[in-house]
Structures are given as structure tokens and as C-alpha cells.
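Morning, everyone. Please look at the structure on the screen, and we will walk through it together.

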Amino acid sequence: MKNTSRVGLFGGTFDPFHFGHLNSMLAVAEHFGLDEVKAIPAALSPLRVQTQGSTPEQRQRMLTLGISGHEDLIHIDTQEIERGGTSYTIDTIKAYVKGGSKNLFLVIGMDQFVQFDQWKDFAKILKAADLIVTSRPGSELPYSLDEWPPAVSALVDDFDSQQALLSTGRTIYFYQLKDVIASGTEIRKKIRFEQSVQTLVPGEVERYIRENKLYESIQRNIGDFEKFTKFCENILVEKGGVNVKSYDLRAKQAPSEFTLIASGTSTRHTSALAEHLIREVKKEYNVWPESSEGQQEGRWIVIDYGALIVHTFYDFVRQEYRLEELWTRRQK
Ligand code: ATP
């Protein structure tokens, strides 16, 4: 790698690597004339709740299988996995700067850009590298600076819808990709429900997932979901959850077999309930949730354990949404 090479840095959890990643790497490299793209699997992503997934080694293996045929352009950089712990992009970029790289382009999807002001040392990142922000299905590119995270827009000297010149001397480019509707969360869910992921991940990646039985362990470890629902209910009651109710939805058309709802007395209490439950389940059953959303705000948190979905609400929000009217049959 020459110091003057144009190098794209593409980080992610890659759990698993999918066609959305590959499409973005190839299209961005072509459009921006990149000499190479570094695919950098994170050890642990800072803004992500721990979910049930594969080990760093398995993610790295899937990445290797997934980029097969594109090794001339895409190179895997394992520095974040080797460092271990929480992976901060600024540390990775510093390593490249130290190595003499000058033309660095950090590539992220629009879903990441909307929270870019929460990235550690984001202003330093924008001093050391240009940023390429791509569209992603469900996350369209911004039309105006109002749609940017405010702390990032404060760095802008000049802006049009395709690029922004920053006071750091760097540029943020916006790039519209051809939509590839794939996400790690959706793929893990499909595997769990034994649905095909053939159109979402390269064939070798799918084979590896099946052979190693990735993403199936929630079902396997939990086993009896009726008992598991009761266990979660008790945990939430013990932690002071208000109006804790469980619903058996097996006879209904619903996205899960069981649902559990509890209220917290404040947003902080609501987040604490969710965190406590996730910890206790990990201790007892050795599983993380398939996904968990809303934990930072603490208004409405949805924790997905596959056949059981747990909602913890700040009580005012619960009354607003009246979800329970959907599930009238109370589990005894
Ligand atoms: P999860 O659902 O587990 O969050 P993910 O595929 O969204 O999975 P990552 O593997 O961490 O998450 O994504 C790495 C990078 O790839 C991010 O910058 C993300 O915005 C981008 N990306 C992921 N999927 C797509 C897609 N379908 N189109 C464009 N960019 C994508």
C-alpha cells in the first residue's frame, strides 16, 4: 500500500457479512476511484447492545468467504479483533495515519451517520479522513443540514446535497447506492425461522452459517418458552416492574408465541429493568437477545428472544400505545 493510495475503510460487525456490505464496498470503490477497501470487523461495537451472534473469529471467517473473488480490491484488516474490547474507529484510523496513509475514506451507511456525533472523537476522525456516507434502504440521504447531527453540521463550511466541505479541511461525500435490502438482524432472524437467505448472503457464507449452526442457539438454550416467559416475568417483578403481564399468543396471528409487558416508573427505571432482565437471562440461559431496541431512551424497549418478545415501557408511553388491546388473552 503506497502512502498516496486511496484507501476505503469499511468497518462493521459483519454478523453475518451480506450482499448489502459487498454492494456498498464495490460501488463506492468504483465511484470514488479507491485503490483498495479495508474490511475491518469490530471486536465490539460501542453503540450496540450485545446480541446473540457469532464469535469474532466466525465473523472474520464469514467475511473471508464473502469477499471471495474480490481479493484484488477488498482486504481484511483484523486489528480491531486483535486489540479486543470495544472497537473505536478513531484508534483504527490513528493506526493508518501512523503507517503514513494520507488518502483515507471512511465509509458508513446513513443509519450510522445519523448518530455520528456519538462516535468517540468524531471531529478528530473528520480531521484524519474523508467520510463517504451511503444510502441504505430505510435510511435516505439528507437534503438539508437540519437532518444532520447538530454537532457534525457545526463543522460544515459549505454544503450541497452531494458533499460538504468541513472546517477540518476534509470532505463528507453522500452517495446513493442501488438498494440492497439486507441487514444482519433480518438475516439472523430468517435463519432462526429456517427461512432462505440465499438472496441475501454469498453462497459460501450461507453454507458456513448452516454447518456451524450459527444463530440457532436462542431456541436451543431456552427450550421451553412457557417456562422462560415465567422466569422473565418473575425477574421483572422482583426488580420493581409495574403491572407486569404475560400473554400467550400461540393461538393468535402474532410475531411471537409469547409476549411480556412491564412498566418502569421513569425512563431510567425502564432501562434498568431491561438491562437487569438481559443480564439475568444471560446468567441462567447463556443467551443474549436476538435484538434489543430503545434501551438508550428508555421509553419503549423491545427485547427479542425469538418466541418471546419483551416490552418494557415508561408507564406513560405504555398508556399511549395501548398495545395490550391487541392481546386480550392473559396467560394464566
Ligand atoms: P445489524 O442488523 O446486525 O445491525 P448490519 O448489517 O446493519 O447488521 P454492520 O455489519 O455493522 O450492520 O454494518 C456495517 C456497515 O455496513 C454500516 O456502515 C452499515 O450502515 C452498512 N450497511 C449494512 N447493510 C447495508 C445495506 N443493506 N446497504 C448499505 N449499507 C449497509
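Let's begin with one residue. In which helix does Gln-58 lie? Gln-58 sits in helix α2, which runs over residues 56–66. Before I go on: this is a predicted model.

Is Gln-58 buried or exposed? Buried, because its relative accessibility is 19% and the cut-off for buried is under 20%. Now its side chain. A polar atom there lies 2.9 Å from the backbone nitrogen of Thr-55. Further along the sequence, Gln-58 touches Tyr-208 and Leu-214; residues up to four places away are not counted there.

Let's step back to the whole protein. How many helices and strands does the protein have? The secondary structure comes to 13 helices and 13 strands. There are 332 residues, and 52% of them count as buried. The C-alpha atoms fill a box of roughly 70 × 45 × 35 Å along the principal axes. What about the radius of gyration? The protein has 22 Å. A compact globule with 332 residues would be near 20 Å, so the value agrees with that.

Take the contacts with a separation of 6 or more: 68% of them are between residues 24 or more positions apart. The accessible surface comes to about 16300 Å², and carbon and sulfur atoms hold 47% of that.

Now the ligand. Which residues come nearest to the ligand? There are 22 residues around the ligand, and His-18, His-21, Asp-111, Arg-136 and Thr-185 come nearest. By class, the shell has six nonpolar, 12 polar and four charged residues.

Where does the shell come from? Five elements each supply at least two residues: β1 (6–12), α1 (19–32), β4 (103–109), α5 (110–113) and α8 (184–192).

On the side-chain side, take Arg-136. An N or O atom in the side chain of Arg-136 is 2.8 Å from an oxygen atom of the ligand. A backbone N or O atom of Val-180 is 2.9 Å from a ligand nitrogen. A polar backbone atom of Ala-182 is 3.0 Å from a ligand nitrogen.

Arg-188 is placed in α8. Arg-188 counts as buried, because its relative accessibility is 4%. What does Arg-188 contact, leaving aside neighbours within four places in sequence? The list is Asp-15, Pro-16, Thr-51, Gln-52, Tyr-215 and Glu-290.

Follow two names from that list. Asp-15 and Pro-16 are joined by a cis peptide bond, with omega at about 5 degrees. Pro-16 is in the loop between β1 and α1.

Tyr-215 is placed in the loop between α9 and α10. Its phi is positive, about 65 degrees, although Tyr-215 is not a glycine. Tyr-215 counts as buried, because its relative accessibility is 5%.

Lys-213 is found between α9 (203–211) and α10 (217–222). Its phi is near 50 degrees, and Lys-213 is not a glycine either. How accessible is Lys-213? Lys-213 has a relative accessible area of 48%, so it counts as partly exposed.

One last stop: Leu-155. Where does Leu-155 lie? Leu-155 is in the loop between α7 (150–153) and β6 (156–159). Leu-155 is buried, because its relative accessible area is 16%. Leaving aside neighbours within four places, Leu-155 is in contact with Phe-122, Ala-123, Leu-126, Leu-165, Leu-166 and Ser-167. For a sense of distance, compare Asp-304. Leu-155 and Asp-304 are 149 residues apart in sequence and 38 Å apart in space, C-alpha to C-alpha.

That is my tour. Over to you.

Definitions and conventions. Residues are numbered from 1 along each chain as its sequence is written. This is a predicted model: local features need pLDDT of at least 70, side-chain atom pairs count only at pLDDT 80 or more; totals for chains, interfaces and linings use all residues. Side-chain values use heavy atoms; hydrogens and water are left out. A residue is near a molecule or strand if one of its heavy atoms lies within 4 Å of it. A polar contact is a pair of N or O atoms within 3.5 Å; within protein, one must be able to donate a hydrogen and the other to accept it, and residues adjacent in sequence count only if both atoms are side-chain atoms. Helices (H or I, at least four residues) and strands (E, at least two) are DSSP runs, numbered from the N terminus. Ala, Val, Leu, Ile, Met, Phe, Trp, Tyr, Cys and Pro count as nonpolar, Asp, Glu, Lys and Arg as charged, and the others, Gly among them, as polar. The radius of gyration is taken over C-alpha atoms; the globule rule is 2.2 Å times the number of residues to the power 0.38. Buried means under 20% relative accessible area, exposed over 50%, partly exposed in between (1.4 Å probe, protein chains only). Contact means heavy atoms within 4.5 Å. Accessible areas come from the Shrake-Rupley method with a 1.4 Å probe; for residues, only the protein chains shown count as cover.
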